[in-house]
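Let's take a friendly walk through a protein model together. Please have the sequence and the 3D view open as you read.

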Amino acid sequence: MTEVDLYNLEPLLELMAVGLAVAALPLGWWLWKQRRASPSGRLKALTLITLFLTFDLVLFGAFTRLTDSGLGCPDWPGCYGSATPIGAKAEIKAAETAMPTGPVTKSKAWIEMVHRYLATGVGVLILTLAAMTWWLRRQSREVSPWLPTLTLIWVCMQGAFGALTVTMKLFPAIVTLHLMGGIGLLVLLMAQAVRYDGAGTRPLPSALRLGLWAGFVLLWLQIALGGWVSTNYAVLACPDFPTCHGQWVPEMNWQGFSVWRELGYTPTGELLPFASLVSIHFVHRSAAWVVLAVLLWVGWRLRLQPGLAVAGRWLLGLCALQFATGLSNVVLGWPLLAAVMHTGGAAAMALTLTWALSVSRVDNSGSPVLSKKLAE
């Protein structure tokens, strides 16, 4: 691969222009459709549009990672100092000629840059959302700009992690944090959308509300473990199911859980043993049973709650999807579609739990008689 400066800010303005172009269509559609809506209605509509496109961005980010396109352009923010791969034809061709199956190819460069274009477009939408809430704050004190402002700060941090993903050559800890940050961005946008809805909250039994929080926390831990599997390329470390290499408890090496190290190496610079990849995979697989059990219980109970039955059905369906795609990744040799859907399913679970938590509260009616009647 040809030498290139890791940071080259020359194409930054051009990249921002592309981001504006990407955001122009959804913004134009939003302005036209919401021209007669109330301020809260306009905010909700723009938040939902941004949420939808951010979900697409998370899926495309997974596609970028799974096609080994994360270093398709080995500098940031452009591609060999150009705003598009078209301007980097010579450099890409030279790198591809030197390593035909290496990290830089024409298709990988385009995948990487399209991901950056989409990310810039989402950033423009989030900036617009934050600016609009501050503007409306001057007209009504009921509009709170703090959550949109936090979201804007969050997406800026995501951009920084995206840059580090490239410049630190797919450092596993950075890539995993970038994945979790993308899903965190979805959670923030969903919380905003619920706030603008203004439909009020539904009472839940304290045990179920606690179960929702437990499922939310466990899901985040499982997403972190899943990201660690993906970023360390440990998906196929256990090629069979339900055993791993024919064993219920395979040979493992815990160096794989050393956080601050380069891809494929131990913290001391030695090659990472295969048993370390097995341990990464096996821990994620084992934890999945606990997370699935909790989420299945929560989903089943939510089905019986007024106003939250849809969330319960979604959780149950997503649990089935996650099991099917996770199993497919192992027994079918990591098919791309299943792998992308596995990331999408995790993101959808986070959104469903966020929605359920945002629209519910603990039932504090405090009436033993009423509670007994409801139980009957």
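The paragraphs below look at a salt bridge, then at a helix and its packing partner.

Keep in mind from the start that this is a predicted model. The salt-bridge count here comes to 1. Its partners are Arg116 and Glu112, whose side chains meet with an N to O distance of 2.9 Å, inside the 4 Å cut-off used for a salt bridge. Both residues belong to helix 4, which covers residues 106–137. They sit 4 residues apart in that helix, about one turn. If you colour the model by accessibility, you will find Arg116 and Glu112 both buried.

Just after helix 7 comes Tyr233, with a positive phi of about 55°.

What packs against helix 7 at an angle of about 155°? The partner is helix 10, residues 336–358, and the two axes lie 10 Å apart. Angles over 145 degrees count as roughly antiparallel, so helix 7 and helix 10 are roughly antiparallel to each other. The crossing of helix 7 past helix 10 is left-handed. On the helix 7 side, the contact is made by Arg209, Leu212, Trp213, Gly215, Phe216, Leu219 and Ile223. Helix 10 contributes Ala346, Met349, Ala350, Leu353, Thr354, Ala356 and Leu357 to this contact.

Technical notes:
Residues numbered from 1 in each chain as written. Predicted model: local features only at pLDDT ≥ 70, side-chain atom pairs only at ≥ 80, totals over all residues. Heavy atoms only, no water. Helix = DSSP H or I, 4+ residues; strand = E, 2+ residues; numbered from the N terminus. Buried < 20%, exposed > 50% of the residue type's maximum accessible area, 1.4 Å probe, protein only. Axes fitted to C-alpha atoms, helices over the stretch in contact; angles between N-to-C directions. Parallel < 35°, antiparallel > 145°, perpendicular 65-115°, else oblique. Left-handed = near helix turned anticlockwise from the far one by under 90°. Contact = heavy atoms within 4.5 Å.
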